[in-house]
Amino acid sequence: MDKNPEYQPLPEGPVLCDTCQRAGERVEMEAHKTLPAEARKWAEERNTELRSYRCPECESVQVFRVD
C-alpha cells in the first residue's frame, strides 16, 4: 500500500467494486470488519474513522474515510 494513502470518503449509496467495474460488472461490496494494518495505523495517527469493504466476487478490499 502507498506510504501516504489518500482514502476516499465513504460513498452515500452502495459501495461498488472498482476492480469489477473495470471488467464491466456492477458488484456491491460488503462491509468488512478488519482494516489492513497500515490503514489502522493511518486512522489512529489522524484520529479518523476508516471502514473497509470486501468484494464478494473478486475479494478485493477497499478502505474509505468516514466523514
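**Charges, fold and loops**

Tutor: This is a predicted model, and in it the mean positions of the 10 positive and 14 negative charges of the protein are 4 Å apart.

Student: OK, and how much accessible surface does the protein have, and what share of that belongs to carbon and sulfur atoms?

Tutor: The accessible surface comes to about 4900 Å², and carbon and sulfur atoms account for 42% of that area.

Student: Switching to the fold, how many helices and strands are there, and what pattern do they follow along the sequence?

Tutor: The protein has 2 helices and 4 strands, and read along the sequence they follow the pattern β-α-β-α-β-β. The radius of gyration is 12 Å, close to the 11 Å that the globule rule gives for 67 residues, so the protein is as compact as a globular protein of that length.

Student: What box do the C-alpha atoms fill, and what percentage of the residues count as buried?

Tutor: Taken along the principal axes, the box is roughly 35 × 25 × 20 Å, and 30% of the 67 residues count as buried. Among the contacts with a separation of 6 or more, 51% are accounted for by residues 24 or more positions apart.

Student: Let's look at helix 2, then. Which of its residues are buried?

Tutor: In helix 2, which covers residues 37–46, the buried residues are Ala 39, Trp 42 and Ala 43. They cover an arc of only 95 degrees around the axis, which puts them on the same side of helix 2.

Student: And what do those buried residues pack against?

Tutor: The buried residues of helix 2 pack against strand 3 (50–54) and strand 4 (61–65), whereas on the other side of the helix Lys 41, Glu 44 and Glu 45 are exposed.

Student: What about the backbone just after helix 2, which residue takes a positive phi there?

Tutor: That residue is Asn 47, with a positive phi of about 50 degrees although Asn 47 is not a glycine. Asn 47 is found in the loop between helix 2 and strand 3, and it counts as exposed because its relative accessibility is 74%, the cut-off being over 50%.

Student: Now the loop between strand 3 and strand 4, which residue should I look at there?

Tutor: Look at Glu 59, which is found in that loop and has a positive phi of about 65 degrees although it is not a glycine. At 52% relative accessibility, Glu 59 counts as exposed.

How values were computed:
Residues are numbered from 1 along each chain as its sequence is written. This is a predicted model: local features need pLDDT of at least 70, side-chain atom pairs count only at pLDDT 80 or more; totals for chains, interfaces and linings use all residues. Side-chain values use heavy atoms; hydrogens and water are left out. The radius of gyration is taken over C-alpha atoms; the globule rule is 2.2 Å times the number of residues to the power 0.38. Buried means under 20% relative accessible area, exposed over 50%, partly exposed in between (1.4 Å probe, protein chains only). Contact means heavy atoms within 4.5 Å. Accessible areas come from the Shrake-Rupley method with a 1.4 Å probe; for residues, only the protein chains shown count as cover. Lys and Arg count as positive and Asp and Glu as negative; His and the chain ends are not counted. The place of a charge is taken as NZ of Lys, CZ of Arg, CG of Asp or CD of Glu. The arc is that of the directions from the helix axis to the C-beta atoms.
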